[in-house]
Amino acid sequence: MQITQPQSPDTPIHPIFDRPWYRRFEAWLGDSSPLGNAPIFPSETFAWATQLEKNWQVIRQELDQVLADVNALPSFQDIMPRQNRISPDNKWKTYYFCAFGFVATKNCEKCPQTWALLKDIPGLKVAFFSILAPGKHIPEHRGKHKGLIRYHLGLRVPEPKEACRIRVDNTITHWEEGKSLIFDDTYYHEVWNDTDGYRVVLFLDIERPFNWPLSWVNAAVSKLLTLSPQVKQAQENYESFGR
């Protein structure tokens, strides 16, 4: 039973989600999934990931239109203020397609081929372009919902690639253009863009596969998240920013 631990003394400990009993429960959930409880998963695990890789240049062409006005895009904490600790500046820009039932229609219309590739992915919960400015560092943090897995498709990865990297648990890796990175974000992870260019990935949260009855429970939790105040607030923030 693998349980990730923080490496930095500055990483805050949650009063509930970092209790030993909850962390053991989390690890049990991971072990109960057909995916297992590994920090990083093989990209060939999902057929839709292969499809995205085949079409990565199509997606990047639409991304380049978005990047033409990158400074006008909302920062991550503009949409999700609770994430201000890990991104208090304007160096993490976002371009949303959808999030827990909400569809950013105008954004999807501007990137129709990307949205066509995304909209039928099984279990898709969140999708956006994640854009990190030069010098951006996202400190160690972790997600609290074991029912999701995190997907990145490298779209723009500046050189040297090794300076544009992510640590998941004890593994440090870097993105590659046109390649998938799939990981469990409940493991502590940290990101650096120590280059002079923008790093952009297609960022997805996907419902973790479970066998019944955990699959039913996970779907119910996702539904509750859709109705949660945090998700409603994020939707309102996005709409307000658009206006």
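Figure 1. Glu-140 is buried, with a relative accessible area of 3%, where buried denotes under 20% relative accessible area, exposed over 50% and partly exposed in between (1.4 Å probe, protein chains only). The structure is a predicted model, in which local features need pLDDT of at least 70 and side-chain atom pairs count only at pLDDT 80 or more, while totals for chains, interfaces and linings use all residues. Residues are numbered from 1 along each chain as its sequence is written, and side-chain values use heavy atoms, with hydrogens and water left out. The side chain of Glu-140 forms a salt bridge with that of Arg-167 (2.8 Å, N to O); the term requires a side-chain nitrogen of Lys or Arg within 4 Å of a carboxyl oxygen of Asp or Glu. This pair links distant parts of the chain, with Arg-167 in strand β7 (residues 164–168) and Glu-140 in strand β5, 27 residues apart. Arg-167 also counts as buried, at 4% relative accessibility. Helices (H or I, at least four residues) and strands (E, at least two) are DSSP runs, numbered from the N terminus.

Figure 2. Glu-26 belongs to helix α1 (residues 20–32) and Arg-142 to the loop between β5 (137–141) and β6 (148–156), so the pair ties together parts 116 residues apart in sequence. Glu-26 counts as buried at 3% relative accessibility, and Arg-142 at 5%. Asp-18, Arg-23, Glu-26 and Arg-142 are linked in a salt-bridge network. Lys-146 and Asp-184 also meet through their side chains in a salt bridge (2.7 Å, N to O). Lys-146 lies in the loop between β5 and β6 and Asp-184 in the loop between β9 (180–183) and β10 (189–193), so parts 38 residues apart in sequence are tied together. Both Lys-146 and Asp-184 are buried.

**Figure 3. The largest nonpolar core.** A nonpolar core is a set of buried Ala, Val, Leu, Ile, Met, Phe, Trp, Tyr and Cys residues joined through side-chain atoms within 4.5 Å. Of the 34 residues in the largest core, Trp-48, Leu-52, Phe-97, Leu-118, Phe-129, Leu-202 and Leu-204 touch the most other members. Two or more residues each come from α2 (47–54), α3 (56–67), β2 (92–99), α6 (112–118), β4 (124–132), β6 and β11 (199–207). The largest share, five residues, is that of α3.

Figure 4. On a 1 Å grid over the protein atoms alone, a cavity is a set of points where a 1.4 Å probe fits but cannot get out, and lining residues have an atom within 4 Å of a point. Grid points are joined across faces, edges and corners, and a volume is the space filled by probe spheres set on the points. The count comes to one cavity of 30 Å³ or more, and the largest cavity holds about 60 Å³ of space. Its lining consists of Gln-2, Ile-3, Thr-4, Arg-23, Glu-26, Ala-27, Asn-37, Lys-146, Thr-186 and Tyr-187.

Terms used
1 Å grid on protein atoms, 1.4 Å probe; cavity = no way out; pocket = protein on both sides within 12 Å on 5 of 7 lines; lining within 4 Å.
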